[in-house]
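Hello,

Please find the structure below. My notes on it follow.

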Amino acid sequence: MKKWLLIAAAAVLTACSSGSDNKSYYQLPLASQTGGNNMASQGNRLLWVEQVAVPDYLAGNGVVYQTSDVKYVIATNNLWASPLDQQLRNSLVANLSSQLPGWVVASQPLGSDQDTLNVNVTGFHGRYDGRVIISGEWLVNHQGQLIKRPFHLELKQQNDGYEEMVKVLGQGWAQEAKSIASEISRLP
């Protein structure tokens with residue numbers, strides 16, 4: 001009889017603990033591949049996206065939400081499906097590849113004749129007023145010439161919730177990639 005009670009108690013505890021474990025995982029939306037070059041084409045220009053760095057508060061698994069001017073919350077049940085810096089880098093490579101015809105853009109070194117791009121993201125989160133914040137700076141090394149630009153985007157969410165926030169963050173990151181592509185395409 002005691003053995004049966006132990007099994008029943010374990011089943012009840014397991015059911016209770018699994019009910020409170022409603023974790024959601026998010027991945028940035030994929031870039032649209034309209035226009036531009038594809039990876040099979042050979043470009044005459046090479047761009048290595050060397051690094052996309054994020055600060056510690058964004059580097060964890062939890063999606064970040066700013067609740068006041070000075071307070072940030074890192075979600076425990078709304079998590080990134082893979083590390084945010086990897087998602088940002090992969091998305092940036094895909095966006096730049098589609099927006100820079102004649103360029104080969106990669107997340108690995110391409111050779112000695114490549115340009116390099118490094119991005120330092122300082123903000124990539126939702127905010128209490130229904131906006132998402134994407135900020136930081138990027139640095140291109142083009143044949144020894146350094147070009148550095150800050151960026152700061154604030155985009156309005158149309159709906160509430162983490163899923164909408166991640167979609168708008170993805171749209172903003174694609175918008176910033178387009179701005180970076182515009183600058184890079186003007187390089188001599």
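Arginine 127 lies in strand E6, which covers residues 115-127. Strands (E, at least two residues) and helices (H or I, at least four) are DSSP runs, numbered from the N terminus. The model is predicted, so local features need a pLDDT of at least 70 and side-chain atom pairs count only at pLDDT 80 or more, while totals for chains, interfaces and linings use all residues. Residues are numbered from 1 along each chain as its sequence is written, and side-chain values use heavy atoms, with hydrogens and water left out.

Is arginine 127 buried or exposed? Arginine 127 counts as buried because its relative accessible area is 14%; buried means under 20%, exposed over 50%, and partly exposed in between (1.4 Å probe, protein chains only).

The side chain of arginine 127 makes a polar contact of 2.8 Å with the side chain of aspartate 129. Another polar contact, of 3.0 Å, links the side chains of arginine 127 and glutamate 154. A polar contact is a pair of N or O atoms within 3.5 Å; within protein, one must be able to donate a hydrogen and the other to accept it, and residues adjacent in sequence count only if both atoms are side-chain atoms. Leaving aside neighbours within four places in sequence, arginine 127 is in contact (heavy atoms within 4.5 Å) with Tyr65, Gln66, Ile133 and Glu154.

**Two loop residues**

Glutamine 143 lies in the loop between strand E7 (131-142) and strand E8 (145-156). Its phi is near 50°, a positive value in a residue other than glycine. Glutamine 143 counts as exposed because its relative accessibility is 70%.

Aspartate 113 is in the loop between strand E5 (103-106) and E6. Aspartate 113 is also exposed, at 69% relative accessible area. From C-alpha to C-alpha, aspartate 113 is 8.3 Å from arginine 45, and the two are 68 residues apart in sequence.

**A glycine in a helix**

Glycine 170 belongs to helix H4 (residues 162-185) and is buried, with a relative accessible area of 11%. Not counting residues up to four places away in sequence, glycine 170 touches Leu28 and Pro29.

**Confidence**

The average pLDDT, the predictor's confidence in each residue from 0 to 100, is 87 for the protein, and 82% of the residues score at least 70. Over residues 4-18 the pLDDT stays under 50, and the model has zero contacts beyond four places in sequence for them. Residues 34-41 also have a pLDDT below 50, but this stretch has 15 contacts beyond near neighbours in sequence. Where pLDDT is low, the predicted coordinates should not be read in detail.

Regards
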